[in-house]
Each structure stands twice: as C-alpha cells, then as structure tokens.
Amino acid sequence: MKYLIGLGLGAVLGALASQTPAMAQSGPACPVKLGGILPLTGSMGPVGKRISDSAQLAVEHVNAGGGVKGCPVQFILRDDQGQSTVGVDAAKFLVDVERVSAITGTVSSGVTLPILVSVAAPSKIPLVSCCSTAATFTTLAQEGKTGGFFFRTLPTVKTQAYASAAIAAERGFKRISVIYINTDFGTGMVKDFIKAVEKLGPKVVKTVAYNENQPSYRAEVNVALAEKPDAVFFVAFPQDGATMTREWVSLGGTQNMILNNSLRSPEYVKSVGPKFLQNAYGMDNASVSGPTVEAFKTLFQAKYNQSPDGPGIYNQYDAVIALGLAMNIAPNLTGDSIRDSIRKIQTAGGTVVGTGPDEFKKALALIKEGKPIKYVGATGPLEFDANGDVSGAALIWTVKGDNLAVDRTLTVEDMNALMKKIDG
Amino acid sequence: MIGQAIADGFLTGAIIALGAIGVSLSLQILRFANFSHSELLTWGAYIAVTFVSFATAGVSVGPLSFGWQLLAATAFAAAGTALLAILVDWLVFGPLRNRGANHLTLVFASFGAALILRNLVLLIWGPEARYYTNELQIAVEVFPDVRMLPDQIFVLALAFAIVLALHLFLRFSRLGMAMRAMAESPALARICGVEIGKVIRWTWILSGALAAMAGVFSGLTVQLRPEMGFNLLLPLFTAAILGGGGSLIGAVIGGLAVGLAENLSVLVIPAGYKAAVPFLLLLAVLFLRPQGLFGAAERS
Amino acid sequence: MIGLLSYLVFFAIIVLILGVATLGLNLQWGTTGLFNAGVVGFYAIGGYAFAILCAPPRPELMANFGLPWIVGIIGAMAASALAALIIGLLTIRLRGDYLAITTFGVAVSIQLVTLNWEALTGGSLGLTTIPRPAAGLFDSSLSANIFYLALTLGATALVYWGLESIIRSPWGRVLKAIREDETAAIALGKDARLFRLQSFVLGSTIIGFAGALYVSFIGFVSPFDFAPILTFQIWTMLIVGGSGNNKGALLGAFIVWGLWSASGTFISMALPAAYQTQGGAVQSILIGLVLVCTLLFRPRGLIGEQPTVSRHLAS
C-alpha cells in the first residue's frame, strides 16, 4: 500500500527532525526541554501572543537563575491555532519526539482537555495550564481521570464570579444584564454569577450569549439593552469586548459596567476610551499587590515595553516558574517526580521566594541545602489543592484617568467568607 | 426595540450589499462562486488603516468621528484592492480560465486564494484588532427608541450613492453594457465584438473597489480584524444568491434582507444561533425560488 | 526511538481517520461530482452521535448512554446518514457552487447547534471521558495506540475496499456517467437525482464514521473541534492526492497532514522566538499555496483518476 511507504518516509523525516536520541543516563540530558502550546493564530491569537511573551520571559529568568539541575531550559513553543486536532498533534510531538519534561500554556479548555486526556495523562507528563477555567478539570481530577498531572495557575471562575457579584450588591445595582462569550469560560462564569447575585440581592434581568467572531454585536447589545438595566456585566476577551462595549456605550447603555478579568488590558481600555470606563469595575484573580507582583511587572515592562495587564500573562509566568522550581526539587525529571514535587514549592513556613532571576537563584540555593521554600509569584501566593486548582484572592480594578488601577483586594479569607455566605 | 433592530438591519445590510455586488458580478460574469471575495473586504479595510496611520483619520468633520483623510484612505484602499483583485486573477484564476478549467476548479482555487490572502493580512498587520479612530460616538435618537451613530448614517447614505452610481454606469456606459452582455451570454457577447479581457478586468476592478468600501465601512462602524471578511462570507453569498446572482438591485435588496433578518432574528431566537440565520434564509429561497428573488428563471 | 515510534503511531492514526473522511468526500466529489463544502458538519454529527451513545451518563446531560463501542459507531453512521438524507432532499438539485454554499451553511449551523444545545451536547464544555474500545486491556499508552492504529487501519481498508468495489459496480458507473453528462444519463433512463442523493448519503455516512473514530481516539469532543477550516483541509487532501482515485485520497491525507505537522515543527525549530507567533499564518499560507499550485500545475492531483476504457474498445 502506498501509504505504508509514505509512513516509512515519514519515519525518516521525523528522525531527521528530532535531533536528540533518548539516552538512558543518570541526570538530565541538557538542555531540559519544556513544551509550550498556545493559540498564536486564530481568534485567540492576540491573547496567546502576549502569553507566549510571558512564558519566554519566565524561561529567561529560570535560565538566568541557574536553569534546571545545572542545565539550561529550552522552551519549545507550538501553535495550536485554536484547533484541538492541531494542539493534540503538537502535544504528542513535544512529548514523544522532543521528549519535553512538562507542558505549559494551553488557553481554551476545548484544546486543553483533549491534550490532557489523550496525551499528557497517558504519557504521564505534567500539564500546567495558564488559562483553562472549565470546571470539568476539577471533576476529572476528582474522578482520578487526570492521574494528578493537571495543574492550573488561575482559580476557577467561581472566585471572580462571586467577587463581582459581591461588589455589584455593594454598589446597589438592582437590575443587571449579562452579555457573555459562549465558551466554557463564559457559561461557567455566568452560572456562578447568577447564583451569587440572586443570593446577595440584585437581579439578573437578561443574559445574552454571543459567539465569537461576529462581524458586529449590535443585535446582542440591543437585546441586553431592551431591559433597561442599571448595570451590565461583560464576559468577553479584549477584542470582542471592545466592540461590544463601544456599541453598548454608543447606544446609550449604562456606564455602570462590570468587567471580567480578560478585559483588564490596556488594549481594551484604549479601544473603548477611558472616559467611558470611569464607572466600571472588574475583578481579576489574585495578583495581590506586593513586592513579587511589582517585581514581575517591572521586569515585564522593561523587557517588552508593555504593561503585563491582560488575560493569562501573570498566570503563565507562574506556570513556568512553578515547573522550574518543581523540576529542581524533583529527584529526577520523570513526569511522576515532577508532579509529586509541584506542591513542594508551597511549603507552609518555608522561605519565601519571589519573581525574577535573582529570586530563582535564591530558591535554587535553598533547594540545594534541602530547605523548604514558599513561592510567591506574579499572581501572589500560589497554592495548588488536591485537584491541581489554585484557590485565590481576588482583586477589584477600575479605570482611573487613562489607566488601569487597583481598587482593593479581597484576601483568601474574605473570599472564603463570601463563598460560605453564598454556598451556605 | 423592533425599530432599533430594523435600523441596525439596514446598516449591516448596506455593508453586506456592497460586498455582495462583487460576489454577484463574479457569479454572473466570471461564472464562479469566488470564496476569496470576502478577503478583499479585509484587504480594503487594512489598506485604508495603513493609509490612515500615515495621514491620521483627520480632524473630525461635523458630527463624524473622522475627517476627509478617511475618505481619501477609502479611495486609496479601493484602488489598492482593485489592483490586488487583478493580481490574483492574473496569477490564479486567469491561467485556469485560459486552460478551460471547469468552473468548480475556479471555486477550489478561490478557497486556496482565500486562505493565502487572509493569512497574509495576519502576517503583515498582526492579529490585534484595530480602529480607524479611537473616538467613540454617542448615538443620536433619530426616531423614538431608534438610535444611530452619525457615522452610520453617513455610511448608509454613501452606500446608497455608490449603488446608484454603479447602476447608472451599468445601465448607460458602453463598458457597463458590455458587462451586462457578457453576463447574458459570453458567446454572443464575443461575436458582437465585446473585448472579453477588458470586461473581466473591469469586473475585478469594480468588485475589488466595492469590497474595499464595504470593508472600510465595516471597520469604521465595528473594528478591523484579520477574520472580519471571512466572518461575512455566508452573509455575502446569501445576499448575492437571494438577489438572483447578477442583478445589481437584487444583490442590494438581498443584502438588506440578510441584514434585517439577522438583526430581527434575535427578537425571537437565542442570539447564539444568529450566525445561522442567513443560511436558513438561503435554504428557504433556494427551495422556493431557486433562481433567486429577482433572477430570471434559469435558462439551460 | 520508542518516542518517535509512539509519535508516528499517533500521526498514522490521525492520517488514517482524515483519510477515511477524504474517501467519503471522494465518493461525493470524485465519483459523483457533488460539491460538499460542509464536510466538517457530517464529521461533527458522527463524532457527537458516538460521544452521546458511548460516554458514561452525567446528571447534567439529558442523554449519554454508556453503550458499547460498536453500537456507538453504528449509531454515528446512522445519524450522519439521516442528516445527509434530510439535507440531501432539500439541496441535491442545486447546481455545483450553490450546493457548496448551502452545505457550507449546513456545517456552520451544525456547529452552532452543538454549541448551543447544552443539554444534549454539553454546549461549549463538550463531552468528556468518552471510552476507547478495549481501553482496559492495555497498560501503556503506546500499546493502546498501536491497537487503535490496527483498528483504524482495518476500518480504512474496509472503506477503501468497499468503495473500490462500489465504483466498479454498475451503480458506480451510473454515478460517473451522471458526473460526466447528466443529461445523457437521464436520457438513458437513470434517475439522476436519486443516484446523486444515494451517493451524498453514503459519502456523508463515511465522513460521519471518520468523525466517530476521531472522537473515540481523542476521548473528548467539543464544538471547537469542528471549525470550517477542517472542511478546507480535507478538500485540499483530496485535490492534492487526486480526486476520483481512492488511493489518491489516502495519499493526499498523508501528504497534507504531514506537511501541516512538519511545517509546525519546522517553524518552532527554525524561527526565532519573536517571530514564532506568526508561524501559524505561514503554515496556512503554505497549505493554500499547495492547493493553488496543484490546481495550476497538476490539475489531476498527484495520482489522478485512472481513465476507464470499455473493454470492448480496448480489445
């Protein structure tokens, strides 16, 4: 059969493409490879591109701080184009041919899930996602379907949804319309938001789901506007979100806006026009202010001449650093050891290490001495629970003048109290 | 609410109509469904944004968010896109036509051309959304409960003027008559001494220029993205077929029908299904009146 | 080398699954001349039908039956056949490019249904933990994949053999006759529309089968798996390989998917980090160029249709 010949040909080509034969050796083969899968083209392209910048920065910091077990880390980035088939193929290639020790990135849950269930978990390779929020991952972990190889550095949408509901009640909004993106992220957020809001007082008068990549969202905006709400909640990504907010404001919608975390980006504020966002507030996960957050901001700003505010950027940095630390703690670089070491970067009472190359160097020294560490990252303190989820503090942001500003933060304790109040 | 949906429907419809005229021309004169036509909209919009980034969108004139520079940019984009259309024809469609390829081969080629054109935009201008101007307008209430932006009213009027001018051109100019003759019967047109090459060239020029204008208007009232044209593909084709392929007024009415149907549909069905509305309309028309609303019965 | 082998097994499974879909399209286009631009729609129906029948029940979903693998496969094919029958009855009389646009719209609508009908399809969350056949028998993922490769290879061989014999049958000859000259076929007393409908339904059933194989392999399905670009990729496979020739369809699947994967690897190796974000665009342009150049310089594809000559003439 012709395709069998073809397969043979493919084998030869593949062999040429992979330069590192697997060697059975004690100690890692240099460089240590870390795989990244991000949507760099397609509708999530603008989001993925900035996240990849953050990942590259983190890898630089790891290398400047001493690498992994004396080896430099090589970051191999692949584009999933927002297509699951492409993402799975890339993951399989990274794991089998490039022999990466771990994978990070993966934005939409629709791409992360197939990578997890068909590549990462069966091959026992840890997958640390920066951005996939679907509740499904928690369910799968509880059922033991992930083998414990899945981690994510951003809390599930619940934290955000509850925090924004609390502020909506505090500001005295009565009738809220919601326009949300029709993905697992949007639907999950809205479900939790409605649950919280109804418990706390205000009413959701209309929810409108929108599909990405429409030429215009005027129709959706009109439906939400028809109820004459006194506040609106946008769950969107910066590009669609800007279109929608512009249409909302032009059509005379209220400027009492609640915005989700993805809209905390200078690009969004600039596109809409800051003067229309003075009454808006949004929330974001963690990013509790503090020296480690500020250090990351400064370093990112210096490198890319851009603010790191935007979806997934802080989280991706922590994903890479968490892996870098865990790989150094792990006795060897098998998937099992790395998985089992990830929670050792958050030892209670350990010496606090922060962001940037110097802090990474400090952490390596501590690890070498066998001392416990506690990583406080670009998103504040990071604690993975049994399902690989992080619980988080929330932050309320607003627009002051032309710029994004932090209004205040809700600590983990505040959030726990809030969850208790809502979930009973 | 319903009034607002109708007003928005007219605006979306006018932009779709401008794009659909090009689809319609290529269906009738070049005799194939050009799936890469929607990418010409994207190119037009981006060429204009490049022009604007050199010249700025200009000081706002009256209530509009832009100045005369944007109109200059539109003209520039129209010319640029027309050239691009001719270039694509010269590289891809022309050779296939000369070889006497099946018209469906041209359709496949247009699939490929679309992919290339769309990703070139991504490569050249990057994936971020862009705007001609960051000014945000506040809508004025034109009728009770019907709000429109001054820009939108301007776009509607301009689109109407363009269609009228095109109608006069096709009706009375020599070239316009040649194009109509070619649409009726290429063989007869050739016998009567119509220069086929020239007609084809002008068909591309017109489609390209109109697509560019549709792209700029869409970018002006919404935003610019590399996928903006591709996302209009189904509406454009629906409008052209609805109008009966080849008839100018048909394409315009088809465009308005699609725009209205999309915007009115959200009153009765969940907004999540909005993108399927043009298709359902198309299916209904093809089933009930295969020659289109305004097309003559098929001559075989 | 075990890693490379593991990747190649995986790669081969995907190629074969896409190859089956291309074979289905080849029956519709290569043999009958039906321009189906909604391939991904039928692929999605097959995939979702399989997932709904075979995934274990979850309280938030109205269906999900946890049935055996083979029931899922048969159900997936039946669902695609039924959908194709309904759509075919509505559209089969349309001329080439109109049929293309309608089927393109069908695919868009099917994707919207999978996205919005949450109770059945899980909406944007998709459906998870879809079982693979005999998954419990293997302890390593490589041996499980090798088993699945054998299964898809068998399935591909079956479809290939079935299509080859169909095309050589009197029924297949009528299809080709209709493609070449519909009027003449009608004059010979053949009900062209009926034959076209049959071919459309059978081809879509095969495409649905491929969808089910894919979902069963990956173990997860969501609306984002079925973007319109996939239709385009499968068409490119058929045209590059050579439409009208089943071997060409399989070869095309191998070459186009291989090119897609290899160029992705190459870009991640060759381009500096700052330019990698544009890599996907380069990949898509490459596929577009391959298609256009094939049409321009090798219109029959790599291995085109074998000319059939009547044995009475040949002697």
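Contact here means heavy atoms within 4.5 Å. The model is predicted.

Helix α5 of chain B covers residues 150–172. Its end C-alpha atoms lie 33 Å apart. This agrees with expectation, because 23 residues at 1.5 Å a residue should span 33 Å. Several positions of α5(B) are buried: Pro150(B), Asp151(B), Gln152(B), Val155(B), Ala159(B), Ile162(B), Val163(B), Leu166(B) and Leu170(B). In an α-helix, residues three or four places apart point the same way, so 3.6 residues make a turn. Within chain B, the buried residues of α5(B) pack against α1 (2–30), β2 (146–148), α6 (174–184), α8 (196–221) and α10 (248–265). They also pack against α8 (218–226) of chain A.

Chain A also meets chain C. Here 51 residues of chain A are in contact with 48 residues of chain C. The area buried between chain A and chain C is about 4,400 Å². Carbon and sulfur atoms give 63% of that area.

Polar links across this interface were counted next. The rule finds 10 residue pairs in polar contact between chain A and chain C, both residues being at pLDDT 80 or more. The salt-bridge count for these two chains is one. Glu118(C) forms a salt bridge with Lys191(A), with the closest N and O atoms 3.7 Å apart. On the side of chain A that touches chain C, the elements giving two or more residues are α1 (2–17), α2 (45–64), β2 (73–79), α3 (84–96), α4 (109–123), α5 (136–142) and α7 (184–200) of chain A. The residues of that side comprise 18 nonpolar, 21 polar and 12 charged.

Conventions: Residues are numbered from 1 along each chain as its sequence is written. Chains are lettered from A and ligands numbered from 1 in the order in which they are written. This is a predicted model: local features need pLDDT of at least 70, side-chain atom pairs count only at pLDDT 80 or more; totals for chains, interfaces and linings use all residues. Side-chain values use heavy atoms; hydrogens and water are left out. Buried area is the accessible area (1.4 Å probe) that two parts lose on being put together, summed over both. A salt bridge is a side-chain nitrogen of Lys or Arg within 4 Å of a carboxyl oxygen of Asp or Glu. A polar contact is a pair of N or O atoms within 3.5 Å; within protein, one must be able to donate a hydrogen and the other to accept it, and residues adjacent in sequence count only if both atoms are side-chain atoms. Helices (H or I, at least four residues) and strands (E, at least two) are DSSP runs, numbered from the N terminus. Ala, Val, Leu, Ile, Met, Phe, Trp, Tyr, Cys and Pro count as nonpolar, Asp, Glu, Lys and Arg as charged, and the others, Gly among them, as polar. The expected span of a helix is 1.5 Å times one less than its number of residues. Buried means under 20% relative accessible area, exposed over 50%, partly exposed in between (1.4 Å probe, protein chains only).
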